[in-house]
Amino acid sequence: MTIPLVDLDRQYRSIKGEIDAALLRAVASTDYILGEELRRFEEEFAGYCDTRHCVGVGSGTAAVQLALEALDVGEGDEVIVPANTFIASVLPVLRLGAMPVLVDCTEDTATLDVDAVAAAVTPRTRAIVAVHLYGQPADVDPLLKLCRAHDLALVEDACQAHGARYKGRRTGGLGRVAAFSFYPGKNLGAYGDAGALTTDDDEIAERVRLLRDLGQSRKYLHTVQGWNERLDTIQAAVLRVKLAHLDRWNELRRANAGAYGAALAGCGLRLPETAPWAEHVFHLYVVRSSERESLRAELSARGIAAGMHYPIPLARQPALEQLGLEPERFQVTERWAEELLSLPMFPELRQDEIESVAEALGAAQAAA
């Protein structure tokens, strides 16, 4: 048996008729840039996230950058970012000339440690980037309280949390502005790079629309220095089809997580924890073990893919060496990096495949 980490072929085959029709419609329209499919997707995704605005952009990384740029983050400013995240949460801060201030994560959920965030706030802090990691929202309410007390903006990095809820509220509408990635393997994925911002702030939405389109307020009139970061019409057409299936796919992910929990009970692994405030959407199913490498080897020997999100923490990344980060300051992040293992997780994953993964992990644990 071969079990992939993510199987986009199964997903495509399950909605092939809808996708093919949408692609043909988008191609036949010849309306490829800022077209009608994009306008309709932005309207539908804003409604899904319970926000006033959605602005489609070229990627999740672009979404984070444009969110911060629309907030006037720049030279001399500080932005608090989790130490336990993908580097795309940090690079936009540097691109704008600001300083990312890394803080540690919690032992149970791997999301931002609120106390560490509070200790990191200085007079130069302009924003907090709250990453909803692995499909689980960060604890937003205490962060919003900090933002109100210090006049900061909360930016949601919701690139792994499409459809997740925090205390009943959708991600995307919890902070001042939110960034989403539609990378193909995401819960809501395009067929290439794609992203979006959501917000209730009219001014932020309007500024991002300018920034994503080379600063054009109308053709050939460039009122600000912008970027070429538009979400193209064909990707929007794909996303419109998939959005209609997202809630069902997230339910299947939760069911698969429950099946994993039952199959792996008592096996000695540290299993994912869902916070009391969260409706988890399990973009990733991440377990922890001090025997991570032997587990991964056993899975590989049986044709089962596994991932590591993320084995090299930001404090150890050569690209961030100039920040002078000391890995020992982020002890919880370091432990996650040493122990985490991402198991196959996608809506179409079968019960027999979950049992095969559990059997392999049990065999590896017994041999360790």
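The legends below describe close-up views of a predicted model.

Residues are numbered from 1 along each chain as its sequence is written, and side-chain values use heavy atoms, with hydrogens and water left out. In this predicted model, local features need pLDDT of at least 70 and side-chain atom pairs count only at pLDDT 80 or more, while totals for chains, interfaces and linings use all residues.

**View A. Stacked rings of Phe41 and Phe45 in helix α3.** A pair of aromatic rings is described by the distance of the centres and the angle of the planes. Rings of Phe, Tyr and Trp (its six-membered ring) pair if their centres lie within 6.5 Å; planes under 30 degrees apart count as stacked, over 60 as edge-to-face and the rest as tilted. The structure holds 10 aromatic pairs. In the pair shown here, the ring centres of Phe41 and Phe45 are 5.5 Å apart and the planes are at 15 degrees, so the pair is stacked. Both residues belong to helix α3 (residues 36–48), where they are four residues apart, about one turn of the helix. Helices (H or I, at least four residues) and strands (E, at least two) are DSSP runs, numbered from the N terminus. Phe41 and Phe45 are both buried, a term for under 20% relative accessible area, with exposed over 50% and partly exposed in between (1.4 Å probe, protein chains only).

**View B. Phe45 and Tyr48 as a stacked pair.** The centres of the two rings are 6.1 Å apart and their planes are at 15 degrees, so this pair is stacked. Phe45 and Tyr48 are three residues apart in helix α3, separated by about one helical turn. The relative accessible area is 0% for Phe45, which is buried, and 12% for Tyr48, also buried. One aromatic cluster is formed by Phe41, Phe45, Tyr48, Phe180 and Phe182.

**View C. Charges over the rings of Tyr220 and Trp336.** A charge sits over a ring if NZ of Lys or CZ of Arg is within 6 Å of the ring centre and within 35 degrees of the ring normal. Lys219 lies over the face of Tyr220, 4.8 Å from the ring centre. Over the ring of Trp336 sits the charged end of Arg288, at 4.5 Å from the centre.

**View D. Strand β2 and its partners β3 and β4.** Five of the five residues of β2 (residues 78–82) are buried, so the strand is largely enclosed by the rest of the structure. Glu78, Ile80 and Pro82 cover one side, Val79 and Val81 the other. Two strands pair if DSSP finds at least two bridges between them. β2 pairs with β3 (residues 99–103) in the parallel sense over five bridges, with Met99 as the bridge partner of Glu78. Three bridges join β2 to β4 (residues 125–131), also parallel, and Ala127 is the bridge partner of Val79.
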